Amino acid sequence: YLARTRLREDGFMGDFVKYYDGAFCEAGNLGRESIVVHDVWHPRMVWSELHGCYVMTATRMTPGGRWPFVDDVMQIRTSEDMIHWSEPREVEVEGKPFGNHYVAMVSDGEEGEPYVIGGESFSILTNHNGTDVMRYPARWVKKSTGR
């Protein structure tokens, strides 16, 4: 689901409006909403300046599957408008699925916003319920296609 707000002239956020049926038109409290991305757990978005798009990190869910429904496998999607998202790409490290119950991509920059990734380097934060947050330094790499 998706909601937005405006930043008022006094620096405070205004009322939230939910995305529903193709438009931001429903009240933030008790309003209807449309699903934007199916089968993900705790999605988080950042802006990638390098790629000029939004990047969503989330944990894969298997609806109707056996327990646990949250698979602890990190997925990445991209979007130009925060409404239409690419198919998920699952993250692997050394050929094995990577992730945890909660995952988030954050900037490594000492200045600016944590949700703006300025270059090739960033960090992945992960944790599970009642566990420490782990930080994994990361960078964008192009996957070899063998050609």
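In which strand does His42 lie? His42 lies in strand E4, where strands (E, at least two residues) and helices (H or I, at least four) are DSSP runs, numbered from the N terminus. Before going on, note that this is a predicted model: local features need pLDDT of at least 70, side-chain atom pairs count only at pLDDT 80 or more, and totals for chains, interfaces and linings use all residues. Residues are numbered from 1 along each chain as its sequence is written, and side-chain values use heavy atoms, with hydrogens and water left out.

**Stop 1**

At 44% relative accessibility, His42 counts as partly exposed; buried means under 20% relative accessible area, exposed over 50%, and partly exposed in between (1.4 Å probe, protein chains only). Now step back to Asp39, in the loop between strand E3 (23-27) and strand E4 (40-48). Asp39 has a positive phi too, near 60 degrees, and is partly exposed with a relative accessible area of 40%.

**Stop 2: the whole chain**

Zoom out and colour by secondary structure. You'll find 13 strands and zero helices. The C-alpha trace spans about 45 × 40 × 40 Å along its principal axes. Of the 147 residues, 29% count as buried. Among contacts (heavy atoms within 4.5 Å) between residues at least 6 apart in sequence, 37% join residues at least 24 apart.

**Stop 3: the open sheet**

Select E7, E6, E5, E4 and E11. In that order, these five strands form an open sheet with mixed pairing; two strands pair if DSSP finds at least two bridges between them. Strand E7 (89-90) and strand E11 (116-117) are the edges, each pairing on one side only. E6 and E7 run antiparallel over two bridges, and Gln75 stands opposite Glu90 in E7.

Next, pick Thr57 in strand E5. Thr57 counts as buried, at 1% relative accessibility. Leaving out residues up to four places away in sequence, Thr57 touches His42, Pro43, Arg44, Met74, Gln75, Ile76, Val103, Ala104 and Met105.

**Stop 4: the nonpolar cores**

Show side chains for Val46, Cys53, Val55, Met74, Ile76, Val91, Phe98, Val103, Met105, Ile117, Phe122 and Ile124. These 12 residues make up the largest nonpolar core, a core being a set of buried Ala, Val, Leu, Ile, Met, Phe, Trp, Tyr and Cys residues joined through side-chain atoms within 4.5 Å. Strands E5 (53-61), E6 (70-79), E10 (102-106) and E12 (121-127) each give two or more residues to this core. In soluble globular proteins, nonpolar side chains tend to be buried together.

Centre on Val55. Setting aside neighbours within four places in sequence, Val55 has contacts that include Val46, Ile76, Trp85, Met105 and Trp140. A second, separate core has nine residues, among them Leu2, Val36, Ala58 and Ile83.

**Stop 5: an aromatic pair**

How many aromatic pairs does the structure hold? There are five, counting rings of Phe, Tyr and Trp (its six-membered ring) with centres within 6.5 Å; planes under 30 degrees apart are stacked, over 60 edge-to-face and the rest tilted. Pick Phe98 and Tyr136: this pair is edge-to-face, 5.2 Å centre to centre with 90 degrees between the planes. The two are 38 residues apart, with Phe98 in the loop between strand E9 (96-97) and E10, and Tyr136 in strand E13 (residues 134-139). Phe98 is buried at 14% relative accessible area, whereas Tyr136 is partly exposed at 34%.

**Stop 6: E13 and its partner**

E12 and E13 pair in the antiparallel sense over six bridges, with Ser123 opposite Pro137 in E13. Their hairpin has six residues between the strands, and Gly130 there takes a positive phi near 70 degrees.

**Stop 7: the largest pocket**

Finish with a surface view. The largest pocket has a volume of about 980 Å³. Of its 24 lining residues, Ile76, Val91, Arg139, Trp140 and Val141 are the closest to its centre. E13 gives the most to the lining, with four residues. For the terms, on a 1 Å grid over the protein atoms alone, a pocket is an open set of points where a 1.4 Å probe fits, with protein on both sides within 12 Å along at least five of seven lines, and lining residues have an atom within 4 Å of a point. Points are joined across faces, edges and corners, and the volume is the space filled by probe spheres set on them.
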